[in-house]
Amino acid sequence: MSMLKRLPLFPINTMINDRGRLVIGGCDTTTLAAEFGTPLYIYDELTLRAKCREFSEEFKKRYPDSFIIYAGKAYSNGVLLNLIKEENLGLDVVSEGEFGIAKSVNFPMERVYFHGNNKSQHELELALQYHVGRIVVDNFQELEMLDKLTKKLEVKQDVLLRMTPGVDPRTHRYTSTGSLDSKFGFPPPLKEEAVSKALKIGG
């Protein structure tokens, strides 16, 4: 038990049973490993729901208009997305496959945000047909595609523009996303042009 006190990263429903085995959510992990093999990923529903509520409550205390969004690329399946839906969180998707999982559980499309810096025309068209809540735009090519597609489909679409802050985080160059030459988002000198083009989408 002392080990668990030193490692609060364990799920809420974690204990050591009388056989000295790690138990999560009432499940003996040794038995699970014997049945399913290792490595084995275990998700505890109580912990997941508690964290969803903690994020929502703590942010809304400070910023009442906050809306918490789960990044589907971290891990997605029907059971987890149903839980996210029931906890009234949004969903960030980056691929057609993640759209498919969301659709399979009737996830509210108005709570879906379509992210990613390399969206295809097909994926953008799919997002428009699904009436997603927001499309997060990274570049001018994407703005141009959206403009053509919204006109073709005769739809309006809310977008968010991803801006790079132009800050060097002094980390490994392969994981740095905030510098001026980042492939993610619009650099500060182009923000006004990006906003202007975004406002004309579908117009």
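Predicted model: local features only at pLDDT ≥ 70, side-chain atom pairs only at ≥ 80, totals over all residues.
**Sheet, core and ring pairs**

Me: What is the order of the strands in the open sheet of five?
Reply: The pairing in this sheet is parallel. Strand 4 and strand 8 (159-161) each pair on one side only, so they are the edge strands. Read across, the order is 4-5-6-7-8.

Me: Which element supplies the largest share of the largest nonpolar core?
Reply: The core has 34 residues, and Leu91, Phe99, Val112 and Ile135 touch the most other members. Several elements supply at least two residues each, among them strand 5 (90-93), helix 5 (96-104), strand 6 (112-114) and strand 7 (134-137). The largest share is five residues, and the element that supplies it is helix 7.

Me: Leaving aside neighbours within four places in sequence, which residues are in contact with Val112?
Reply: Val112 is one of the residues that touch the most other members of the largest nonpolar core. With its neighbours within four places in sequence left aside, Val112 is in contact with Leu91, Val93, Phe99, Phe107, Val132, Gly133 and Arg134.

Me: Why is the pair of Tyr43 and Tyr75 stacked?
Reply: A search of the whole structure finds six aromatic pairs. In the pair of Tyr43 and Tyr75 the ring centres are 5.1 Å apart. Planes under 30 degrees apart count as stacked, and this pair qualifies because its planes are at 10°.

Me: How many residues apart are Tyr43 and Tyr75?
Reply: Tyr43 is in the loop between helix 2 (29-36) and helix 3 (45-62). Tyr75 is in the loop between strand 4 (69-71) and helix 4. The pair links distant parts of the chain, and the separation is 32 residues.

Me: Is Tyr43 buried, partly exposed or exposed?
Reply: Buried means under 20% relative accessible area and exposed means over 50%. Tyr75, at 34%, is partly exposed. Tyr43 has 45% relative accessibility, so Tyr43 counts as partly exposed.

Me: What is the angle between the planes of Phe99 and Tyr130?
Reply: Phe99 in helix 5 and Tyr130 in helix 6 are 31 residues apart. Their ring pair is edge-to-face, with 5.6 Å centre to centre. The angle between the planes is 75°.

Me: Is Phe99 buried or exposed?
Reply: Residues under 20% relative accessible area are buried. Tyr130, at 23%, counts as partly exposed. Phe99 has 1% relative accessibility, so Phe99 counts as buried.

Me: Which residue lies over the face of Phe114?
Reply: Phe114 belongs to one aromatic cluster with Phe99 and Tyr130. At 5.4 Å from the ring centre of Phe114, over its face, lies Lys119.

Me: How far apart in space are Phe10 and Ile24, C-alpha to C-alpha?
Reply: Phe10 is in the loop between helix 1 (2-6) and strand 1 (14-16). With a relative accessible area of 22%, Phe10 is partly exposed. Phe10 and Ile24 are 14 residues apart in sequence, and their C-alpha to C-alpha distance is 8.5 Å.

Note on methods:
Residues numbered from 1 in each chain as written. Heavy atoms only, no water. Helix = DSSP H or I, 4+ residues; strand = E, 2+ residues; numbered from the N terminus. Buried < 20%, exposed > 50% of the residue type's maximum accessible area, 1.4 Å probe, protein only. Core = buried A, V, L, I, M, F, W, Y, C linked by side-chain atoms within 4.5 Å. Contact = heavy atoms within 4.5 Å. Phe/Tyr/Trp six-rings, centres within 6.5 Å; stacked < 30°, edge-to-face > 60°. Lys NZ or Arg CZ within 6 Å of the ring centre and 35° of its normal. Pairing = 2+ DSSP bridges.
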